[in-house]
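User: Hi! I am new to this structure and would like a friendly walk through a few of its parts. Could you show it to me?

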Amino acid sequence: MSYTHFTASERSQLYKLRVTDKLSQPAIAAMMKRSKSTISRELSRNSSEVHKVYLPDTAEEMARRRRAKSQGRFKRVSATTIEEVKQRLEQYHSPEQISGRMKQEGKSTVSYETMYQMIYVNHQELGMWKQYLRQKQKRRRRKGVKQKRGGIPNRVGIEFRPAIAEAKTEIGHWESDTVIGVNHTGIVVTHVDKASKYLLAGLAKNKTMEQINRVTIKLFKEVEPANLKTKTFDNGREFCGHE
């Protein structure tokens, strides 16, 4: 179930069920039609810091202060930029792609890390666009932290992609990605032509380079050479065999 912020009435209901009726968190989640993790997060984040008790009025005030603080962090991001981010998210572009492309196009933008933060704190209702993220909330890589994953051999940056690919007026410029099934049962390899939105998709046994390449080569066998001009991959290690 999708996450929405608690209302004052919900906090009063949660107080009654948890403190007065002393119900378990799973039972409360079922009655309030909320996930168990949402109930747990609400209780842990908004309980009184002094008495460690969940009180609805205190919880409401703590949540209000947290929202006000988070909104202030992004006050320099213009409404125009936020609207553009929303539109691109609706096209299932990742925050990494959006940030890079808007910068390439000379438009005002923000870092992809900031976009993720804005989405997950629901800044200006951006939380509603969480559904368009191709991979749901995951542990974000933080700037300044050395990555354990190896680099992509002979990687060519997206800034070197021909400008006509971005114009989406010419067939043959593809973007590639992988979609992970529930509980990691199955990997779907996708390739989308930027201009026509034509989709090639195939199932891989796992996320290894060998499997991704096998599926990709098979998918492109029927595509005419004239419609193969560029391919753009994300930085996942599964694409390290791009050459």
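Predicted model: local features only at pLDDT ≥ 70, side-chain atom pairs only at ≥ 80, totals over all residues.

User: Which handedness does the crossing of α1 and α2 have?

Analyst: Residues are numbered from 1 along each chain as its sequence is written, and side-chain values use heavy atoms, with hydrogens and water left out. Helices (H or I, at least four residues) and strands (E, at least two) are DSSP runs, numbered from the N terminus. A crossing is left-handed if the near helix is turned anticlockwise from the far one by less than a right angle, and right-handed if clockwise; that of α1 and α2 is right-handed.

User: How are α1 and α2 oriented to each other?

Analyst: The axes of α1 (residues 8-20) and α2 (residues 25-32) come within 10 Å and cross at roughly 140 degrees. Axes are lines fitted to C-alpha atoms, for helices over the stretch in contact, and angles run from 0 to 180 degrees between N-to-C directions. Under 35 degrees counts as roughly parallel, over 145 as roughly antiparallel, 65 to 115 as roughly perpendicular and the rest as oblique. The two helices, α1 and α2, are therefore oblique.

User: Which residues of α2 meet α1?

Analyst: Contact means heavy atoms within 4.5 Å. From α1 come Glu10, Gln13, Leu14, Leu17 and Arg18, and their partners in α2 are Gln25, Ile28, Met31 and Met32.

User: Where do the buried residues of α3 lie around the axis?

Analyst: In α3 (residues 36-46), Thr38, Ile39, Glu42, Leu43 and Asn46 are buried. Buried means under 20% relative accessible area, exposed over 50%, partly exposed in between (1.4 Å probe, protein chains only). Because their arc, taken from the directions from the helix axis to the C-beta atoms, is only 130 degrees, they lie on the same side of α3.

User: Which exposed residues does the face of α3 turned away from its buried side carry?

Analyst: An α-helix has 3.6 residues a turn, so residues three or four places apart point the same way. On the face of α3 turned away from the buried side, the exposed residues are Lys36 and Ser44.

User: Is Ala201 buried, partly exposed or exposed?

Analyst: Ala201 sits in strand β3 (residues 199-204). Its relative accessibility is 42%, so Ala201 counts as partly exposed.

User: What distance separates the C-alpha atoms of Ala201 and Val179?

Analyst: Val179 belongs to strand β1 (residues 173-180). Ala201 and Val179 are 22 residues apart along the chain, and their C-alpha atoms are separated by 9.9 Å.
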